[in-house]
Number of protein chains: 2
Amino acid sequence: MKTAAVLTIGSEIVEGIILNTNAQYICQRLAENGYRVNRVVSVDDEEDSIKGEVQRLLASCDVLVLCGGLGPTEDDKTREAVAKALSRRLILDESIREKIHERVSRYYNNLPRNLDKQAFVIENAQIVPNPVGTAPGQLIDFEGKKIVLLPGPPQEMRPMLDSVLEKLKTEQDFKTIKMLFFAVPESVLDQFMTDTSVKGCVKIATQASFSEGVWVRLTAPLDCFAEAENLAQRLVEKFQRNFVGYGDTSVERALFEELEKRNLTFSVAESCTGGLVSAKIVSVSGASRVFVGGVVAYDNSVKMRILNVREETLKRFGAVSEQCVVEMAHGIKELTRSDLAVSVSGIAGPTGGTQEKPVGTAYFCVTDGKRDSVEKIFYPQERNIFRSRIATHALYLLLIRLRGMI
Amino acid sequence: MKTAAVLTIGSEIVEGIILNTNAQYICQRLAENGYRVNRVVSVDDEEDSIKGEVQRLLASCDVLVLCGGLGPTEDDKTREAVAKALSRRLILDESIREKIHERVSRYYNNLPRNLDKQAFVIENAQIVPNPVGTAPGQLIDFEGKKIVLLPGPPQEMRPMLDSVLEKLKTEQDFKTIKMLFFAVPESVLDQFMTDTSVKGCVKIATQASFSEGVWVRLTAPLDCFAEAENLAQRLVEKFQRNFVGYGDTSVERALFEELEKRNLTFSVAESCTGGLVSAKIVSVSGASRVFVGGVVAYDNSVKMRILNVREETLKRFGAVSEQCVVEMAHGIKELTRSDLAVSVSGIAGPTGGTQEKPVGTAYFCVTDGKRDSVEKIFYPQERNIFRSRIATHALYLLLIRLRGMI
């Protein structure tokens, strides 16, 4: 197995000002491509620190990925440090220089001189185009090893890393199946995979996110990839109701696709989630084709006044009840004239819970006006973790209703 | 300035399965306590890797903080690796052993034998009590340097790190002022601070988040702390309109406090933000005291049907216009009978822009029913970055309106 190391550069990392999400992303993608990552190092913007780490890390890995320090300012020293570490020259690339000037001059009239810094390339490096920003990446062959230079902004770095990994693929190739599940504990998926006899060549990784669900990644070399596909198939069969989709999906994206396929619209009535259910579906580009709008009925007066929830219902059963979510769903459906509606009401805490309905209780209703699917869940977590989770749960219920599972 | 290094241990980090939030927390706390962190390294659970990194990092720092690998299982090798790196013995501490057994036997009857592993202490180490879990931490003096061993679970590690930093405090103590600004570029704040003559003993750090604003941290030793306070004062005076607050605040929290102080409520009418404006204020615990509810008027039919926006307005000026946001704000205020209302409508993209109103354009209105404050901004960014930013901007406008600045 080839080994890799990651070096992220920037004082904002070692000072703890930002969370190093780039390091995680790079490690994940390297692992998915069959590399064993043996070191992840972060240093500040000192040229000597970067140079020293490059030399040290190169001694014990096949691929070294650097991220950060490719910008135009004084602080950005990655290019210079790597050139020194490898004893290679830095050369001004005129075509890059032109591209940068062309791009920046769309926004600014007075081009700052330090922009040119980004057009310097290490001798014999291949350019990795930056689809979003100005700083190009670089891919360097050095004594049988590969060194990759990527900029720090995640939206620039990510597609660039993917294009580099595509280039580095060897004959002994690895492939990964990525799957998303929702409303099933990570441990249950894990136990099922452990109990299913599967060859050791398939590497299993799971990762749980309270708001997204549980990610499963099955990685295998090509000659045993059928084994991974077989396990994936078994997972889908066993956890049919929980399976959201393959690849880079999400509950909201899967829902968007199911609705668009059927040419259906929906609306949302929500209380404690306070807009998150709507916000999640609107995060999908093109959402206007399936989502018409929603009401955040936070105060009971709003539930009555806008959604026509009856005062009697609130008095007798409370705002967090089956009766209330049914009326909320019907109320928003009639108001917006959507094909479907989903509603949610819960107790986010920290206060407001009772013995009968403790903090963490939530009710949902999905309706097409004729049939109501109601569900109650109990998810006692911190206020905003709870809110984000049950917002996704509301969309999940609409998703599995469309799939004919509830 | 004393230097520090951080070593986090665990294959789940280098495989990219988890995000290394521990590293950020430790770096932040070290920086706040006046240390300059020069290296952050992550390795997997190999004893040799840990041992090698400990020896290397110790050569260039005063304090080395290790995190992870103190559990009871085979994988947990930090204690052994550090003992070997320092050529010290591991000694079974009977009192720790008893405490662990006592704690675990509350939950399990059959105590696993590997528990004893956690009771081994490096020769001459001080014990750092674990208030939450079983693995104690260790604080070691070694050739004038300090080595700190902490367990990986954040809820255990955090209070233990704090107690260690308390112990390590020297006479030369540091304090930090943390401030949040909004709707002003990081570079402008930075330039002002550079131009303001301030003694070198004040360390300035800024950090920009598109959704939160710009954080400024001023750190200084106690004997020059007045200088930091003076700079903070000057920042507040110069950027009065942009200053959100001191400490761990946010636009939504500052708004919540201003509204609660005045005993006022508000409501939200939003379009492209799709619920995010409401969701942000609801993230503040106690939001029900100031927020009554909102409408996500994503489709124009909803703007007309629920918010009473006139068809004429939409036809003549479009949904992204001053006229539309004014009608939206009045519509939601009347519907919910709140004291104040805020509305926002914008073009999130990637499609839907025109020459006159390109993607990234947003209009806002804040009203009390009598006076309307309208603002237009242009923030051409990726769809969801734009949405999150302008959601905060809507709340920011209400905040500065309450403060009498618009």
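## A covered helix in chain B

Helix α13(B) is mostly covered, with 11 of its 15 residues buried (buried means under 20% relative accessible area, exposed over 50%, and partly exposed in between, using a 1.4 Å probe and protein chains only). The buried set is B:Cys324, B:Val325, B:Val326, B:Glu327, B:Met328, B:Ala329, B:His330, B:Gly331, B:Ile332, B:Lys333 and B:Thr336. Helices here are DSSP runs of H or I with at least four residues, strands are runs of E with at least two, and both are numbered from the N terminus.

How far does α13(B) reach from its first C-alpha to its last? This helix, residues 322–336, reaches 22 Å, close to the 21 Å expected at 1.5 Å a residue (the expected span is 1.5 Å times one less than the number of residues).

## What you're looking at

This is a predicted model, where local features need pLDDT of at least 70, side-chain atom pairs count only at pLDDT 80 or more, and totals for chains, interfaces and linings use all residues. Residues are numbered from 1 along each chain as its sequence is written, chains are lettered from A and ligands numbered from 1 in the order in which they are written, and side-chain values use heavy atoms, leaving out hydrogens and water.

## The chain A version

Now hop over to chain A. Helix α13(A), residues 322–336, should span 21 Å at 1.5 Å a residue, and its end C-alpha atoms are 22 Å apart, so the two values agree. Of its 15 residues, 11 are buried, including A:Cys324, A:Met328, A:His330 and A:Thr336. The residue following α13(A) is A:Arg337, and its phi is positive, near 55°.

## Two helix pairs

Two packed helices are described by the angle between their axes and the distance between the axes. The axes are lines fitted to C-alpha atoms, for helices over the stretch in contact, and angles run from 0 to 180 degrees between N-to-C directions.

In chain B, α2 (residues 21–32) and α6 (residues 154–168) have axes that come within 11 Å and cross at roughly 15°. That is why α2(B) and α6(B) are roughly parallel (angles under 35 degrees count as roughly parallel, over 145 as roughly antiparallel, 65 to 115 as roughly perpendicular and the rest as oblique). From α2(B), the contact uses B:Asn22, B:Tyr25, B:Ile26, B:Arg29 and B:Leu30, while α6(B) brings B:Pro154, B:Met157, B:Arg158, B:Leu161, B:Asp162 and B:Leu165 (contact means heavy atoms within 4.5 Å). Sorted by type, these residues are seven nonpolar, one polar and three charged.

In chain A, α9 (residues 251–262) packs against α14 (residues 383–402) at about 35°, with the axes 9 Å apart. Residues of α9(A) in this meeting include A:Val251, A:Leu255 and A:Leu259, and those of α14(A) include A:Thr392, A:Tyr396 and A:Leu402. The contact residues divide into nine nonpolar, one polar and three charged.

## Two single residues

A:Ala205 sits in strand β10 (residues 203–209) of chain A. Leaving aside residues up to four places away in sequence, A:Ala205 touches A:Trp215, A:Val216, A:Arg217 and B:Ile17. From A:Ala205 to A:Thr219 is 14 residues in sequence and 8.3 Å in space, C-alpha to C-alpha.

B:Thr134 lies in the loop between β6 (126–128) and β7 (137–142) of chain B. With a relative accessible area of 23%, B:Thr134 is partly exposed. Not counting residues up to four places away in sequence, B:Thr134 touches B:Ile100, B:Arg103, B:Val104 and B:Gln118.

Conventions: Ala, Val, Leu, Ile, Met, Phe, Trp, Tyr, Cys and Pro count as nonpolar, Asp, Glu, Lys and Arg as charged, and the others, Gly among them, as polar.
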